[in-house]
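Here is a guided walk through one protein model. Take a look at the sequence and the fold, then read on.

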Amino acid sequence: PSIPHEWDGFTAVRKFRGAQFNITVKNPEHVCKGVKSMTVDGQAVSGNVIPAANDNGIHEVVITLGK
């Protein structure tokens, strides 16, 4: 994501292929972009792409912006 550096973060809900992703983006360093870390359901994910899920479940995604 790319956001104004003044923002502390934001939340969003995305439905994709039957699954729901509750997304929390945190911006503790007040940067405009750059993924420092990401977890899906508490598990670290490398890269910056949320893995697709076809399980009709609800998934918690936490993205921390930074360098």
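V49 is exposed, because its relative accessibility is 59%; exposed means over 50% relative accessible area, buried means under 20%, and partly exposed is in between, using a 1.4 Å probe and protein chains only. V49 sits in the loop between β4 (43–44) and β5. Strands here are DSSP runs of E with at least two residues, helices are runs of H or I with at least four, and both are numbered from the N terminus. V49 and V13 are 36 residues apart along the chain, and their C-alpha atoms are separated by 16 Å.

A word on the basis of these values. The model is predicted, so local features need pLDDT of at least 70 and side-chain atom pairs count only at pLDDT 80 or more, while totals for chains, interfaces and linings use all residues. Residues are numbered from 1 along each chain as its sequence is written, and side-chain values use heavy atoms, with hydrogens and water left out.

Three strands each supply at least two of its residues: β1 (9–16), β2 (19–26) and β3 (35–40). By type, the lining holds 10 nonpolar residues, 1 polar residue and no charged residue. Nonpolar covers Ala, Val, Leu, Ile, Met, Phe, Trp, Tyr, Cys and Pro; charged covers Asp, Glu, Lys and Arg; the others, Gly among them, are polar.

A12 belongs to strand β1. Its relative accessible area is 31%, so A12 is partly exposed. Leaving out residues up to four places away in sequence, A12 touches F21, N22 and I23; contact means heavy atoms within 4.5 Å. A12 and G57 are 45 residues apart in sequence, and 16 Å separates their C-alpha atoms.

F10 is partly exposed, because its relative accessibility is 29%. How many aromatic pairs does the structure hold? It holds 1 aromatic pair. The partners are W7 and F10, and their ring centres are 6.3 Å apart with planes at 75°, so the pair is edge-to-face. Rings of Phe, Tyr and Trp (its six-membered ring) pair if their centres lie within 6.5 Å; planes under 30 degrees apart are stacked, over 60 edge-to-face, and the rest tilted. W7 has a relative accessible area of 41%, so W7 is partly exposed.

Now turn to H59, in strand β5. Is H59 buried or exposed? H59 is buried, because its relative accessibility is 9%. Beyond its neighbours within four places in sequence, H59 is in contact with A19, Q20, F21, N22, D41 and A53.

D55 lies in the loop between β4 and β5. The D55 side chain reaches the backbone nitrogen of G57 at 2.9 Å. D55 is partly exposed, because its relative accessible area is 45%. D55 and G18 are 37 residues apart along the chain, yet their C-alpha atoms are separated by 7.0 Å.

Strand β5 (residues 58–65) also holds T64. T64 is buried, because its relative accessible area is 17%.

Two loops remain. R17, in the loop between β1 and β2, has a positive phi near 50° and is not a glycine. H30, in the loop between β2 and β3, is not a glycine either and has a positive phi of about 50°.

Technical notes:
A polar contact is a pair of N or O atoms within 3.5 Å; within protein, one must be able to donate a hydrogen and the other to accept it, and residues adjacent in sequence count only if both atoms are side-chain atoms.
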